[in-house]
Amino acid sequence: MGSGSVLLVEDDDDLRLTVAEILRDRGVEVAEASNGIEALSWMHDHPLPDAIVLDLMMPKMNGLQFRQEQLSDPALAAVPVVFITASTVGQSVLDATGASSVLRKPVTADQLLEAVRPFVDVGPS
């Protein structure tokens, strides 16, 4: 079974629960936040995750704002990020964030697992 941890930041409750279940079924420990503010707070209060799965469009603090805050904090900056989005944000904007990958919604289980596989053990491809 897999191992590792992911911080899942997604404001859509149903999607967050589905993505968390996919990862947990593969043995990944999953922490959940519904916006960037919650995610930053969680990261300051817990051991850092091996990766972050981050929605771009969220209330309070969106994914790009979160990523800017994350990158500006040396204690948090090294945690890799996989964006998930329905947005048509330009690739240059995403490249500037240093994201490991970008998944377009709707995301399949296989796409999700491939995107996080470099950072957590989700088993064979």
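Predicted model: local features only at pLDDT ≥ 70, side-chain atom pairs only at ≥ 80, totals over all residues.
Colleague: Okay, and what box do the C-alpha atoms fill?
Modeller: Taken along the principal axes, the box is roughly 35 × 30 × 25 Å.

Colleague: How much of the chain is buried?
Modeller: Buried residues are 42% of the 125.

Colleague: New topic. How many helices and strands are there?
Modeller: Five helices and five strands. Reading from the N terminus, the order is β-α-β-α-β-α-β-α-β-α.

Colleague: What about contacts between residues 24 or more positions apart?
Modeller: Those make up 60% of the contacts in the chain that have a separation of 6 or more.

Colleague: Let's look at a strand. Is β3 mostly covered or mostly open?
Modeller: Mostly covered, with five of its five residues buried. On one side you have A51, V53 and D55, on the other I52 and L54, and both faces are covered.

Colleague: Why would the residues split into two sets like that?
Modeller: Because side chains in a regular strand alternate between the two faces of the sheet.

Colleague: Which way does β1 run relative to β3, parallel or antiparallel?
Modeller: Parallel, and four bridges join β1 to β3. If you want a spot to look at, V6 stands opposite A51 in β3.

Colleague: And how does β3 pair with β4?
Modeller: That pairing is in the parallel sense too, over four bridges. Look for D55, whose bridge partner in β4 is I84.

Colleague: Now the inside. Which residues touch the most other members of the largest nonpolar core?
Modeller: V6, L23, V28, V53, L112 and V116, out of 18 residues in that core. Two or more residues each come from β1 (5-9), α1 (13-25), β3 (51-55), β4 (81-85) and α5 (109-116). The largest share is from α5, which gives four residues.

Colleague: Pick L23. What is it in contact with, leaving aside neighbours within four places in sequence?
Modeller: L23 is in contact with V6, V28, V30, L112, L113 and V116. There is also a second, separate core of 17 residues, and A31, M43, L54 and L76 are among them.

Colleague: Buried or exposed?
Modeller: T97 is buried, because its relative accessible area of 9% is under the 20% cut-off. Leaving aside neighbours within four places in sequence, T97 is in contact with L64, R67, L71 and F83.

Colleague: What does the T97 side chain reach?
Modeller: The side chain of T97 reaches the backbone nitrogen of A99, at 3.3 Å.

Colleague: Last one, A78. Where is that residue found?
Modeller: A78 is in the loop between α3 (63-72) and β4. With a relative accessible area of 74%, A78 is exposed, since the cut-off for that is over 50%.

Colleague: How is A78 placed relative to Q111?
Modeller: The C-alpha atoms of A78 and Q111 are separated by 23 Å, and the two residues are 33 apart along the chain.

Terms used: Residues numbered from 1 in each chain as written. Heavy atoms only, no water. Core = buried A, V, L, I, M, F, W, Y, C linked by side-chain atoms within 4.5 Å. Buried < 20%, exposed > 50% of the residue type's maximum accessible area, 1.4 Å probe, protein only. Contact = heavy atoms within 4.5 Å. Polar contact = N/O pair within 3.5 Å; in protein donor to acceptor, adjacent residues only side chain to side chain. Pairing = 2+ DSSP bridges.
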